[in-house]
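Here's a quick briefing to read alongside the structure.

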Amino acid sequence: MPALPLDELQLTERDPKTGKMRTLPALHPEIKADRSFVLYRPPPLARDPASVEEFLERAKFIADDLNWLLALPHDKFWCQVIFDETLHKCLDSYLRFAPRKFDGALDCHPEVSDMQRGLHRSVFLTFLRMSTHKESKDHFITPSVFGEIIYNNFLFDIPKILDLCVLFGKGNGVLLQKMIGNIFTQQPSYFGDLDETLPTVLQVFNNILQQCGLQCEGASAEPQKLEEKVNVTPGNMPLQELKDIVLYLCDTCTTLWAFLDIFPLACQTFQKHEFCYRLASFYELAVPELEAAIKKRHYEDNSVFADLWRRISHSRKKMIEAFHILINQACLQPILESSCENIQPFIEEFLQIFTSVLQERRFLRDYDKLYPVEDDVSLLQQASSTLDETRTAYILQAVESAWEGVDRKKAQVIKDPTPEAASNGASAILDRTAEDTEGLRAGYVSEDECAGAAAAPIARVSGVELDSLISQVKDLLPDLGEGFILACLEEYSYNAEQVINNILEEKLEPYLDKLDRTMQRQLKPDPTPLVTSRYNVFQNDEFDVFSRDSVDVSRIQKGKRREKETTRSLLDDKRLVAEQKERYSQYSLVVEELPVQQGEAQLYGEDYEDEYDDTYDGNQVGANDADSDDELISRRPFTIPQVLRTKGQEEGQEEEEEDEEEEEEAEKERTKDHFVQDPAVLRERAEARRLAFLARKGYKHDNSAVVGNVKGHGQNRETVQERRKKEANKSTRANHNRRAMADRKRSKGMIPS
């Protein structure tokens, strides 16, 4: 039979008090084992033997208890997780006090580091099993009941989920995404809790601004009292208070970024509270003030300055990345995945967000440095043909104006590599969590160093820009020489912040440590003279005497060049006529044989030529011409003299002669070239063709009746009828009714009478 889920499973056991058999549900408080979990405390800051021994003993208790818990069967594990309050407090204490990667540098004992790595792995495995409702086909919990169990018993809540992301997200992103996705899927009420938590997160930003003597727009609706005069600023507050504010800011920004990176579906909930606008406004107000306060303050220990600068830089980067995740998930990703009909709301959301943050110039510069706004706008232009070009141009222009007066450099964005899926289960992936926590001091610095190692080579900086970078480092570390600073800048890709951090932490490259820190900058003379180093539009042309030894003097002309070939000179030039005359003169020479000179035998060879056209060689050209030689030498035909002819012979002879004359005339007409024919002949032929056509149609026009008799002798009836008919029908032909039309115009007054 199929296995029942754990929430429906009933267990039969003997009652220890009465000894009778009883039936209990599998999830019952009495099944829970009596075991007390101790609270977690962070590793000691110093290598004090007593503190180290206390931490190791406490951590060993927790690790043993968690390993025992993970080894329990499915039903007993969930009974212990649900009903053991000490377990809840133990796990909660670890999430609260476990060291983050951005925490201060700790000089930990090797045993402490090993114990911390093991405990870190056990805690993650515990939360991983707590977020899984189905371990196998026989051991599972109904999904709806699982959601109620974790929600009603507070096994997971929004603060715990945020801490899980920041602690375990670096090396176990894939597993953590499945964990949190399953939690929100089985219990959608967590979305409501997240929505109620965000005002508290925004209040954290307002509290930081109030502590710094700043005020965010819309942060407080209450008017400020007169006696509450704000005098505290980041520049004059105590150092410890400044350190607390920077640490608080770093913790908040890193936690938010880690949560959004692991669970992007939460971006919609964040955007309901206008989180992008509030984040940009906070960035614009707080970051410049805190940076200025950190730079201007005098420190007895340079490591304090290095730690504060690392934290504020880390906070800046995480705020920018969180903003980008919100933009990408709320606007850009739906545009790439949706059809053309559904992208308009997301485009409008993108334009609305950037329009609201255009006044935050410092934030715009830093965001555009990491994620160019122009690329996002280009994506929108490719996705939609109806994009409002006016708004996009306004946004791009505002971004460009934010860079005015600032050297614009493209940042190298190095994304965290996606963790590979392990083939041998969760334990193989969890082995990397120990590596993530190793070296708490180098936890944050490793990110920047890896970015610098994987980045593309940066172009060499020189001139005013290099002097600015050197002065930036020298303002904070005035005892260093410019030569030493220049060597450090060349090593660290001209990143002034990284140079300052590595100098203060004494983490320079070995060859840099060997250099004299007071070494001055050696100004190298320019090996190329001024003449060879100049560049203009005439560089390397035909008249550049600096790049070539010889110049064509004939091409040089002082003043306007006189044209030699005028119209008269062209007319007087008879060279072409002489050439043509010589060519045509050859046609007047007729020779029987062409003498062949020595050496021209190949040109006039007697051999058979394949290319010769012998098509008409057999025709006797001119044999039948009228002016042939045979006609001249042949005798005339015999004719009888006219006086000797009889009458009949004369008539026959005349007829024959007339026929011959007609034939000769016809032959002449046929052989005559009518290139330009006589117009009279053409008219006669046309008239003949017309009469022939009318004759075929049976029409015979007789104009004799219309002409009639001579004037004065009277006309007959037929002539009168024909004239009347002609007068009536002449309007059908052109130019025959001029009198009638003239009378009509005159009657209309168009022609003066």
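At the start of α16, a side-chain oxygen of Asp388 comes to within 3.2 Å of the backbone nitrogen of Thr390. That counts as a polar contact, meaning a pair of N or O atoms within 3.5 Å where, within protein, one must be able to donate a hydrogen and the other to accept it, and where residues adjacent in sequence count only if both atoms are side-chain atoms. Bear in mind that this is a predicted model, in which local features need pLDDT of at least 70 and side-chain atom pairs count only at pLDDT 80 or more, while totals for chains, interfaces and linings use all residues. Residues are numbered from 1 along each chain as its sequence is written, and side-chain values use heavy atoms, with hydrogens and water left out.

**Helix α16**

- α16 covers residues 389-402, and its 14 residues reach 20 Å from the first C-alpha to the last, close to the 20 Å expected at 1.5 Å a residue (the expected span is 1.5 Å times one less than the number of residues).
- Helices (H or I, at least four residues) and strands (E, at least two) are DSSP runs, numbered from the N terminus.
- Thr392, Ile395, Ala398, Val399 and Ala402 are the buried part of α16, where buried means under 20% relative accessible area, exposed over 50% and partly exposed in between, with a 1.4 Å probe and protein chains only.

**The chain and its core**

- The chain has 31 helices and two strands, and buried residues make up 33% of its 753 residues.
- Take the contacts between residues at least 6 apart in sequence: 70% of them join residues at least 24 apart.
- The largest nonpolar core has 153 residues, and Trp78, Phe259 and Phe270 have the most contacts inside it; such a core is a set of buried Ala, Val, Leu, Ile, Met, Phe, Trp, Tyr and Cys residues joined through side-chain atoms within 4.5 Å.
- Helix α12 (residues 302-337) gives the most to this core, with 16 residues.
- Leaving out residues up to four places away in sequence, Phe259 touches Ile161, Leu162, Cys165, Phe184, Leu194, Ala266 and Phe270.

**Cysteines**

- Searching the whole structure turns up zero disulfides, a disulfide being a pair of cysteine sulfur atoms within 2.5 Å.
- Cys331 is buried at 0% relative accessible area, and its sulfur is 7.5 Å from the closest cysteine sulfur, in Cys276, so that is too far for a bond.

**Gln80**

- Gln80 belongs to helix α2 (residues 74-83) and is buried, with a relative accessible area of 1%.
- A polar atom of the Gln80 side chain lies 2.9 Å from the backbone nitrogen of Ala33.

**The loop between α20 and α21**

- Most residues other than glycine have a negative phi.
- Ser493, in the loop between α20 (482-491) and α21 (496-504), has a positive phi of about 55 degrees and is partly exposed at 34% relative accessibility.
- Tyr494 is in the loop between α20 and α21 too, with a positive phi near 60 degrees, but Tyr494 is buried at 11% relative accessible area.

Notes
Contact means heavy atoms within 4.5 Å.
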